[in-house]
Amino acid sequence: MIPSLPQQTPQERIAWLRSELERHNRLYYIQADPEISDSEYDALFRELEGLEHSHPELDSPNSPTKRVGGAPQEEFASIQHQTPMLSIDDIFEHSGSEEPDQELIDYYERTCQLAGESRLDVTVEPKIDGVAITLMYQNGQLAYAATRGDGHVGDDITANARTIRSIPLFLQSHFLPEVLEVRGEIFMPKEDFARLNAERDMNGEPAFANPRNAAAGTLKLLDSRQVAKRPLAFIAHGIGSYHGPRLNNADDFQRLLQECGLPCNTPVLKATSLDEVRQAVRQIDQLRHTLPFGTDGAVVKLYDFTLREQLGATARAPRWAAAYKFPPEQKATLLKAISIQVGRTGVLTPVAELSPIRLSGTTVSRATLHNQDEISRKDIRIGDTVIVEKAGEIIPAIIRIVPEKRPTDAQPYSIVKAVQGMCPACGAPISQQEGMVAWKCTNFTCPAQAVSRITHFCSRAALDIESIGTSAAEALVEARLAHSPLDLFDLSIDQLAGLNLGTVDEPRRFGEKNARKAWEALHTAAPNLPLDRWVTAFGIPQVGEVIAHSLAATHASLVQLSDSPYLRDLIRLDNLLNQLQLANPNTRANKKLIREAPDSEVNIQQNFVSLLNTYTSTARPWLERGYIRELKNKVGKIPAYGSDIGVSAAREIINFFASQAGRRVLQKLDQLDITPPSPTYRAYANEQNQGLLEGKSFVITGTLSQPRSYFEKLIAEHGGKVSSAISQASSYLLAGKGGGSKRAKAVQWGISIISEEDFMKMIHS
């Protein structure tokens with residue numbers, strides 16, 4: 001039960017809420033022992049958000065509400081490490097040798113000689129396969145987080161680190177050190193890594209090779225809001241600068257971490273002899289497959305901190321620690337076949353069917369091949385003998401083929417040929433989007449995509465059918481009540497109410513209240529939603545909310561959009577531009593041709609002029625309407641035009657409505673008598689109802705009262721554009737708290753800097 005503390009000032013309540021939320025974060029993420037439900041946690045979080053919004057003077061960068069991330073950074077700043085952040089020397093296991101751990105024996109004996117002892121107490125702990133970082137706490141508050149960099153200077157990743165819930169923003173201890181610099185690893189838990197790669201496969205994005213690559217790639221993102229969406233975690237294992245009660249040994253350090261609420265590495269085994277060290281390393285090797293993080297070795301450290309100081313370090317690594325690296329477990333097996341799976345978003349994923357092998361504690365008979373590019377890069381063919389290992393010790397992956405064992409009749413594999421250009425689930429044509437590696441079925445009614453299509457169709461940005469989320473969509477598809485989003489309009493309240501969201505053994509009914517709410521949203525609210533919301537709901541590739549708004553501003557109805565002369569002309573202009581660039585008399589090829597055959601000059605000039613006339617006459621009506629604009633840069637004598645709707649998006653829309661699925665959408669909406677209105681439609685740019693911000697370009701920076709997407713949508717609704725980078729062509733910089741280099745550039749270039757209050761006055765004038 002959430003306590004309500006009486007007679008608290010806003011400052012006291014905010015302080016209590018922050019402390020309480022951090023405590024619950026530690027209980028949930030570090031101790032795995034939550035005290036309250038998710039809904040109770042959310043209630044505390046929302047209360048804190050509301051109080052911080054009402055009292056901006058009490059803002060703190062270490063508030064739990066900052067976990068969601070902030071506006072993108074221009075670049076990472078640098079941080080000088082107060083204590084050098086060194087690497088650890090590696091020692092290797094050599095399989096097949098008489099003593100596979102001979103390097104471990106040599107290291108232990110050499111360290112004993114350096115310390116002048118016959119034996120030493122050491123600790124042995126898992127080596128986390130993550131990204132090394134340092135966290136600086138000053139008087140219990142997180143001051144900054146930084147990468148190792150070159151050991152002396154690293155990148156400031158504080159904004160990204162704050163989004164990781166296992167990193168405390170302030171420490172909870174009765175004896176807080178004045179300065180505590182904790183070294184550790186940011187990593188992606190193995191199960192989360194598997195889920196993320198599955199999602200990337202589903203979305204047609206390249207998969208990460210292993211959890212470390214995934215974590216490293218995430219930390220390099222300049223937009224901490226994107227980092228917040230990735231499942232990262234942190235574990236502490238070392239110490240940098242420290243001003244506090246003396247730490248005598250590894251046990252003291254572990255106790256300090258636990259008292260401060262910092263997640264620490266486990267297990268940490270103590271060994272007092274060479275035999276015990278070797279035994280502890282073997283124990284870590286056996287345990288590593290059960291740990292939640294990727295582990296590629298065991299770290300051996302001196303137990304006594306005084307001895308660590310005596311042994312010191314080389315220029316790159318401490319003499320009192322070493323990382324014993326386990327060889328990756330790899331096995332050869334036969335690739336018998338390649339099957340094709342159709343994911344929830346329509347992506348076709350190739351899967352290798354293998355002769356079963358025992359690998360890292362489990363039997364492996366299948367391995368994802370991700371996409372055609374991956375197959376071609378590794379030259380994988382059916383019948384090959386392949387080397388398999390587990391990426392991140394959880395996902396079976398083909399590392400390479402064994403060329404000398406390839407059958408003579410093995411042929412290069414093509415996904416398109418294997419499925420004859422058709423989706424295995426519905427028989428519709430497949431396509432590869434520009435810039436994407438995956439082949440995809442874009443059929444709106446494809447049964448394999450039913451759950452994701454229904455979920456997206458009902459999402460807040462689309463038709464906002466609040467009570468139908470992923471679990472309800474899964475239940476609808478499993479019960480065969482809906483095969484595509486538009487089937488929802490055929491369901492009765494009774495059918496929805498009786499839907500089982502649980503299992504046969506533990507049923508959970510959707511219920512009449514949820515059913516009535518969903519039915520009314522579908523039949524009362526949805527038909528009156530504007531055209532852009534419906535276009536968003538269709539989930540057409542490359543068509544998000546911003547482009548959907550531009551489509552609604554340039555088309556009066558769905559029927560007009562389905563056979564749009566404007567979109568066809570955008571595609572035609574792109575094709576003509578390509579032809580013009582080839583026909584330009586000033587190209588090197590044409591100049592050479594004219595030199596070699598002077599008589600050809602007239603024909604080349606005439607062809608170029610003819611194409612240019614066609615190009616400009618095609619563009620003219622859309623320029624007059626304000627649908628496209630002439631760009632400042634020119635390519636020789638060729639004008640360049642810009643549109644809020646890209647050519648790739650135009651092609652996707654034309655293809656969607658030309659497909660059988662797209663035609664069914666129009667027929668179904670006609671039967672339902674749904675004709676989405678387009679209130680933002682403007683036939684000509686000089687009409688009175690054009691947007692107040694027409695022709696204006698905005699850049700957003702700093703912290704505002706609402707998320708960035710809120711202001712992007714307002715700007716788009718009033719005819720303006722939003723850019724991520726500031727330039728001399730920008731009209732306004734909408735600036736909240738902070739702003740950094742964007743604000744400085746705006747001042748330098750004389751660009752108007754407006755506050756949130758100024759902006760709201762502008763659109764309500």
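Apart from neighbours within four places in sequence, Gly204 is in contact with Val347, Met436, Val437 and Ala438, where contact means heavy atoms within 4.5 Å. The model is a predicted one, in which local features need pLDDT of at least 70 and side-chain atom pairs count only at pLDDT 80 or more, while totals for chains, interfaces and linings use all residues. Residues are numbered from 1 along each chain as its sequence is written, and side-chain values use heavy atoms, with hydrogens and water left out.

Gly204 lies in the loop between α5 (190–202) and α6 (211–219); helices (H or I, at least four residues) and strands (E, at least two) are DSSP runs, numbered from the N terminus. Gly204 counts as buried because its relative accessibility is 4%. Buried means under 20% relative accessible area, exposed over 50%, and partly exposed in between (1.4 Å probe, protein chains only). Gly204 and Val437 are 233 residues apart along the chain, and their C-alpha atoms are separated by 6.1 Å.

Val300 belongs to strand β10, which covers residues 295–302. With a relative accessibility of 2%, Val300 also counts as buried. Not counting residues up to four places away in sequence, Val300 touches Leu104, Tyr107, Val122, Thr123, Val124, Val281, Trp320, Ala321 and Ala322.

The average pLDDT of the protein is 86, and 92% of the residues score at least 70; pLDDT is the predictor's confidence in each residue, from 0 to 100. Over residues 684–690 pLDDT stays under 50, and for these residues the model has nine contacts beyond four places in sequence.
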